Amino acid sequence: MQNAKPMSFLRLGLVGAGGYGKRHIAALDALGGRSNARIVAAADPFSEKLLQLEEKGIRGYASMEQMLDGEKLDAVIVAAPIPRHFSMTKLALHRGLHVYLEKPPVPLIQQLDELIALDGEERVCVGFQLVHSKPVQQLKQIIAKGKLGKLVSIRGGGSAPRQRAYYTRATWAGRVTLHGEPVFDGPMTNALAHVLQNIMYLGGAGENAYASPREIRAELYRGAEIESYDSSCVKGFLDSGISFFFAATHASKEIIPHTLEIRGTRGWARLEGETISSSLPLDLPAKDSGELPLPGNVLNFLRNLQGETDIPCVRLADTRGFTLTTNGAWVSSGKIHSIAPKYKNSYTVNDDPGVNVPGIVSLIHRGIESGMLFSETGTPWAVPGDTCDASTLYSLNLEETLNAAPFA
Ligand SMILES: NC(=O)c1ccc[n+]([C@@H]2O[C@H](COP(=O)([O-])OP(=O)(O)OC[C@H]3O[C@@H](n4cnc5c(N)ncnc54)[C@H](O)[C@@H]3O)[C@@H](O)[C@H]2O)c1
């Protein structure tokens, strides 16, 4: 099956052909010849997800292992379920491949540290594509130029309503663990993870530096009938001394787009969706590759792979601050608090039911404005967490905590 003759283009294998993997197919299509790369094979245990790819000349395999045995590849794109990220990235690195690993990299800090140690040659690029989007790059430059003065706080969050079909689409959705593997699915660790990673990026003291959290306090809640959390808030200090706050939910029928608010001694700047506003007249630097975030990030990965080392990619080590925050949030919260039925109601979108916690979007807006955790506002269902020094966290056992306080 395999033609091992050297080709002039880079040969990519896609792991996870349905779901977000389809966006990677579209991203490579959008890049066309500029990528100097082709997806030549895809792995997915569900053969129907591979069928439509055959028309594009992409060979299908039932597993990543079979694909790696059957193909000579330069790199893999891992767009597979979160609980598989760790083993798949290890396998690819052991085979000497470059990896575009979808976010979040891995659920646990000890898994991330093991991968960082394995990835001495920095072959892994994590799919936090919004870090290199135009507005986030503009904010980074505004900060670097000192326009806001000395940084005081970075706060952000969002509300991304999710209904039942989101949780039933995959066995790992809404889970803390699956078959003993950590998942830690939820808005902070999955759908709105970009906002938290962007906080770490904007708080980093240098052009390509990322911040790391120190003392944090956090609260994890479930509104929907799931094992994992669907609402969270966390605040603390970054190693640079700046305070930070993040809050996100799926348990609302109202949307809050990705929001970031940066306050300095001279003024503030705010990103809502793709729009920047500020208390100061900002002559926004127009740093823009002209690409949409996903194709742009994939292109950066491919250029890196071909030796252009000055092209920034989010390395595994750049996600340590993010992972310490999510893991510290779990420790601080102590358990996932179920929101009692009297504090929530339901709604439907196209017959698909969702859970709505009235007032939660106001709590997120308020937190972004003031840095107040849900429990600090007098909200009756909110429970304060303990202080956790995330910088000293090296290991987390999700199952242990879950077993101590099972989903009821
Ligand atoms: N960067 C972004 O903005 C963004 C957006 C959405 C999702 N994602 C990420 O993409 C990844 C996948 O998420 P999703 O929502 O598409 O998940 P999904 O479960 O909906 O789809 C994953 C695909 O992987 C396949 N799969 C399952 N087990 C597999 C295995 N062992 N080997 C190969 N393929 C397997 C499934 O059949 C499915 O086609 C996650 O890490 C998610 O966070 C990133």
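**Before starting**

The structure is a predicted model, in which local features need pLDDT of at least 70 and side-chain atom pairs count only at pLDDT 80 or more, while totals for chains, interfaces and linings use all residues. Residues are numbered from 1 along each chain as its sequence is written, and side-chain values use heavy atoms, with hydrogens and water left out.

**Stop 1: the two domains**

Colour residues 10-130 as domain 1, and residues 134-288 together with 316-404 as domain 2. These bounds come from an automatic or database domain assignment. The centres of domain 1 and domain 2, taken over C-alpha atoms, are separated by 26 Å. Where the domains meet, 24 residues of domain 1 are in contact with 29 residues of domain 2; contact means heavy atoms within 4.5 Å.

**Stop 2: the ligand**

Select the ligand next. The ligand is surrounded by 27 residues, and the closest are Y20, D44, K103, R169 and N190.

By class, the shell holds 13 nonpolar, eight polar and six charged residues. In this scheme Ala, Val, Leu, Ile, Met, Phe, Trp, Tyr, Cys and Pro count as nonpolar, Asp, Glu, Lys and Arg as charged, and the others, Gly among them, as polar.

- G18: one of its backbone N or O atoms lies 2.9 Å from an oxygen atom of the ligand.
- G127: a polar backbone atom here is 3.4 Å from a nitrogen atom of the ligand.
- W172: an N or O atom in its side chain is 2.9 Å from an oxygen atom of the ligand.

On its own, the ligand has 850 Å² of accessible area, and the protein covers 85% of it. Accessible areas come from the Shrake-Rupley method with a 1.4 Å probe; for residues, only the protein chains shown count as cover.

**Stop 3: N190 beside the ligand**

Centre the view on N190, one of the residues closest to the ligand. N190 is found in the loop between β9 (181-182) and α8 (193-202). Helices (H or I, at least four residues) and strands (E, at least two) are DSSP runs, numbered from the N terminus. Is N190 buried or exposed? N190 counts as buried, because its relative accessibility is 8%. Buried means under 20% relative accessible area, exposed over 50%, and partly exposed in between (1.4 Å probe, protein chains only).

The side chains of N190 and D185 are joined by a polar contact of 2.9 Å. A polar contact is a pair of N or O atoms within 3.5 Å; within protein, one must be able to donate a hydrogen and the other to accept it, and residues adjacent in sequence count only if both atoms are side-chain atoms. Not counting residues up to four places away in sequence, N190 touches I82, K103, P104, Y166, W172 and D185.

**Stop 4: backbone features**

Select K103 and P104, which are joined by a cis peptide bond with omega of about -15 degrees. P104 is in the loop between β5 (98-102) and α5 (109-118).

Then compare H179 and F184. Phi of H179 is near 50 degrees, a positive value in a residue other than glycine. Phi of F184 is near 55 degrees, also positive in a residue other than glycine. H179 is exposed, with a relative accessible area of 76%, whereas F184 is buried, at 1%. H179 sits in the loop between β8 (177-178) and β9, and F184 in the loop between β9 and α8.

**Stop 5**

R270 lies in strand β14 (residues 268-272) and counts as buried at 15% relative accessibility. The side chain of R270 makes a polar contact of 2.5 Å with the side chain of E261.

Finish at V78, in strand β4 (residues 75-78). V78 is buried, with a relative accessible area of 0%. Leaving aside neighbours within four places in sequence, V78 is in contact with residues including V15, H85 and M88. The C-alpha atoms of V78 and I368 are separated by 33 Å, and these residues are 290 residues apart along the chain.

Terms used: Near = heavy atom within 4 Å.
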